[in-house]
Amino acid sequence: MINQRLAQKQRLKILPQQIQLLNFFHLNTLELEQRIQQEIEENPLLDDSNSDSELTVDKYSKDSVQDYQDWEEYGYNDVPDYKTEYHNYLGDEKMPERPLTSGFDYRPLLKEQFKVASTDDREVEVAEFIIDSLNEHGLLEQDVEALAEDYSFRLGKWIEPDLIATVLTKIQTLEPVGVGARSIRECLLIQLRRFNSKRPDVKMAMRLLEHHFTDLHNRNMDKIKHQLSIDDEELKIVLQLIATLKMKPVCEQEDSIVINKNILPDFIITQQGDQLDVQLYRNRSETLNINTSWKQMAEGSQQVNTDKSALQYLKNKLQSAQWFINAVQQREATMLKIMKAIVQLQYDYFLTGDINLLKPMILKNVAEMVGVDISTVSRITCNKYVETPFGLLLLKDLFTEGIANAEGQVISNKVIQSAIEEVIESEDKHNPYTDQQLVNILAERGFSVARRTVAKYREQLQIPVSHVRGLWA
């Protein structure tokens with residue numbers, strides 16, 4: 001039996017172009033540059049004026065070889081062979097365009113420290129040889145006997161392994177802490193010897209590393225507790241102490257330098273008196289354009305013999321290039337609107353850089369101010385940085401929740417965290433504050449927060465509980 005039904009349905013359909021535009025908002029500066037280069041390679045109608053100018057300069061340079069030269073003209077000239085032999089490998093008196101990163105070398109500073117610590121010329125000479133034998137992480141991969149033989153053969157001077165061991169012990173007292181260690185275990189022990197040896201957790205950690213390092217490596221926690229006669233809570237405190245130590249003396253410093261150098265901001269905020277100016281780090285929509293000759297061919301203004309399939313291909317690429325340029329323009333315009341709204345909401349903070357002036361702000365506040373959806377603000381601020389007069393900031397760090405103080409004013413939780421950190425830094429290290437005492441101190445300052453909130457913020461700041469801080473004193 002055939003039946004008919006009449007029904008009304010409401011559906012929300014998102015066009016593919018809208019989905020691609022939302023993906024554009026999520027890209028940062030480097031990812032957008034890669035996306036533009038990919039589109040230029042796939043679409044012949046899309047041009048980049050920056051790359052075109054560079055090609056024009058290289059095309060008419062006297063050092064470049066013209067394409068129209070044939071073998072008779074190029075092969076039998078009077079240019080000496082040695083000038084063209086390495087032409088495919090190195091440019092003529094040109095440095096590479098890509099900047100070369102300068103690596104961090106700790107050895108010269110380490111040698112200067114040893115010269116200050118020792119006045120014996122023989123020890124200084126041996127120390128410089130040992131320092132040059134360290135690897136990039138500041139560890140010594142050879143044993144003392146092998147290092148003494150290497151020194152004797154290279155310099156033609158016989159040396160006893162005892163002198164190598166004596167000088168190595170002095171090197172291990174220099175900065176960075178742990179340098180000159182022959183293993184990770186020795187590196188951890190060198191760092192523990194810098195702590196207060198009367199602390200019970202330090203004593204227990206040194207016993208653990210000296211006698212039970214293999215069990216620790218194999219995670220035999222039950223055996224460690226039995227051998228050291230400690231319970232679970234004491235073992236947890238010891239392991240937390242060991243976790244704060246560096247596994248390699250130099251790698252963390254080296255990695256932090258590389259990371260800081262590779263961050264590229266998406267916005268730049270400049271200050272002129274009491275005025276703040278917001279700009280994009282790189283405005284790419286101004287350099288993108290459509291190739292005129294290909295555009296005229298696609299629109300049919302040029303009378304050329306082109307088949308229908310090729311003409312349809314050009315029309316599709318023309319629409320794709322126009323949409324791509326419009327998408328980049330819309331992305332940059334939306335980014336500027338959202339960043340200006342953030343600066344307006346956090347004007348006092350960007351003017352001074354004082355964390356106490358940071359106001360509570362959520363995505364909804366910016367979305368209502370700009371007139372866009374919350375998801376758009378989330379995509380724009382995700383994984384993007386802003387260069388300010390007081391340093392580089394991640395935009396996501398500016399969005400914080402608010403807590404009302406005693407006067408009824410809503411303040412940012414960043415201010416609460418800063419106050420907690422300040423109180424803990426000024427506390428008596430032998431009698432640290434508990435979370436409840438921190439609640440009372442913050443209440444005296446006008447911050448009404450619960451104990452669990454203080455505990456949550458303390459954990460976010462990676463500050464241990466009071467009894468662990470007391471053991472570290």
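These are my notebook entries on a predicted model of one chain.

**Ground rules.** I number residues from 1 along the chain as its sequence is written. Because the model is predicted, I take local features at pLDDT of at least 70 and side-chain atom pairs at pLDDT 80 or more, while totals for chains, interfaces and linings use all residues, and side-chain values rest on heavy atoms, without hydrogens and water.

**Whole chain.** I looked up the secondary structure and found 24 helices and eight strands, where helices (H or I, at least four residues) and strands (E, at least two) are DSSP runs numbered from the N terminus. Of the 473 residues, 34% are buried, that is, under 20% relative accessible area with a 1.4 Å probe, counting protein chains only. I noted an accessible surface of about 30,600 Å², with 49% belonging to carbon and sulfur atoms, by the Shrake-Rupley method with a 1.4 Å probe. Among contacts (heavy atoms within 4.5 Å) with a separation of 6 or more, 63% are between residues 24 or more positions apart.

**The sheet.** I traced an open sheet of four strands in the order β3-β2-β5-β6, with mixed pairing; two strands pair if DSSP finds at least two bridges between them. At its edges lie β3 (275-280) and β6 (391-394), each of which pairs on one side only. Neighbouring strands of this sheet are turned by 25° against each other on average, direction ignored. I then checked β2 (residues 267-272) against β5 (residues 385-388), which pair in the parallel sense over two bridges, and I recorded E387 in β5 as the bridge partner of I268. Helix α17 (residues 308-345) packs on this sheet, where it touches β2, β3 and β5, and its direction makes about 155° with that of β3; axes are lines fitted to C-alpha atoms, for helices over the stretch in contact, and angles run from 0 to 180 degrees between N-to-C directions.

**Helix pair.** I followed α17 to helix α19 (residues 363-370), and the two pack at an angle of about 115° with their axes 10 Å apart. On the α17 side I listed K337, I338, A341, I342, Q344 and L345, and on the α19 side N365, V366, M369 and V370, as the residues that make the contact.

**R199.** I located R199 in the loop between α10 (184-193) and α11 (200-211). Is R199 buried or exposed? R199 counts as buried because its relative accessibility is 5%. I also found that its side chain and that of D201 are joined by a polar contact of 2.8 Å, the term meaning a pair of N or O atoms within 3.5 Å, one able to donate a hydrogen and the other to accept it within protein, with residues adjacent in sequence counted only if both atoms are side-chain atoms.

Notes: Buried < 20%, exposed > 50% of the residue type's maximum accessible area, 1.4 Å probe, protein only.
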